[in-house]
Amino acid sequence: AKFKAGLAFKDIQDYDSAILMFKDLIDRYPNSSVIDKARFQLAECSKLLSVKPAYDQTPTNVARQEFEDFLKKHPNSELAPDARQVVDKLKSREAENAYETGKFYEARCAPESAIIYYKDITQNYSDTEWAKKAQERLEIVEGLLIALKNIDAVIQVIKKSADKDEAKNNLIKKFKLTERQAVAILEMRLQ
């Protein structure tokens, strides 16, 4: 009855009440024949409460934890493949949020803060599509940070160079930059 009540609440999009029903079933009847389905539905309702990447990711984190908990307790369930797919999607959403936060800090001229978020993605979400993007941004932002810390020397190198290619090569040599970093420095607006 609690399982069906949880499903009914889920159907009317009252996910908080559905979660309470599924949790109550899990707590009171741990040996129930529908325990794995209740855990999956609990995780599913948590996922449905999660929001878009630009907003607070706490519900997304909770949903991922619920699905991971489901997988630990029911690794052989018929619902396990679906749960794994949802975990991957939720991790991607978390990584996207961190990436957007890094871009926000870049736009606010706070490269050190952006670096924290990009490193988080490369370390904790390396299996998502956001890891490659974060690694590219991380490389560029670290190069820009080097340039900002040595702005007078960077300007001198650029001024003394005959053309853009020579400036790029001189920056690479003098500051041990990658080509991508040197190009980003040369494209930087100095206002």
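Guide: The model is predicted. The residue is K168. K168 sits in helix α9, which covers residues 164-175. Is K168 buried or exposed? Its relative accessibility is 14%. The cut-off for buried is under 20%, so K168 counts as buried.

Now the neighbours. Leaving aside residues up to four places away in sequence, K168 touches E179, A182, V183 and L186. One of these, E179, also meets K168 through a polar contact. That contact joins the two side chains at 3.2 Å.

Next, the chain around this residue. In sequence order the pattern reads α-α-α-α-α-α-α-α-α-α. Of the 191 residues, 43% are buried. Among contacts with a separation of 6 or more, 49% link residues 24 or more positions apart.

Then the overall form. The C-alpha trace spans about 80 × 30 × 20 Å along its principal axes. The radius of gyration is 24 Å, whereas a compact globule of 191 residues would have a value near 16 Å.

Last, surface and charge. The accessible surface comes to about 11500 Å². Carbon and sulfur atoms hold 49% of that surface. The chain carries 32 positive and 31 negative side chains. The centres of the two sets lie 2 Å apart.

Note on methods: Residues numbered from 1 in each chain as written. Predicted model: local features only at pLDDT ≥ 70, side-chain atom pairs only at ≥ 80, totals over all residues. Heavy atoms only, no water. Helix = DSSP H or I, 4+ residues; strand = E, 2+ residues; numbered from the N terminus. Buried < 20%, exposed > 50% of the residue type's maximum accessible area, 1.4 Å probe, protein only. Polar contact = N/O pair within 3.5 Å; in protein donor to acceptor, adjacent residues only side chain to side chain. Contact = heavy atoms within 4.5 Å. Rg over C-alpha atoms; globule rule 2.2 N^0.38 Å. Areas by Shrake-Rupley, 256 points an atom, 1.4 Å probe, with all protein chains shown as cover. Lys, Arg positive; Asp, Glu negative; His and termini not counted. Charge placed at Lys NZ, Arg CZ, Asp CG, Glu CD.
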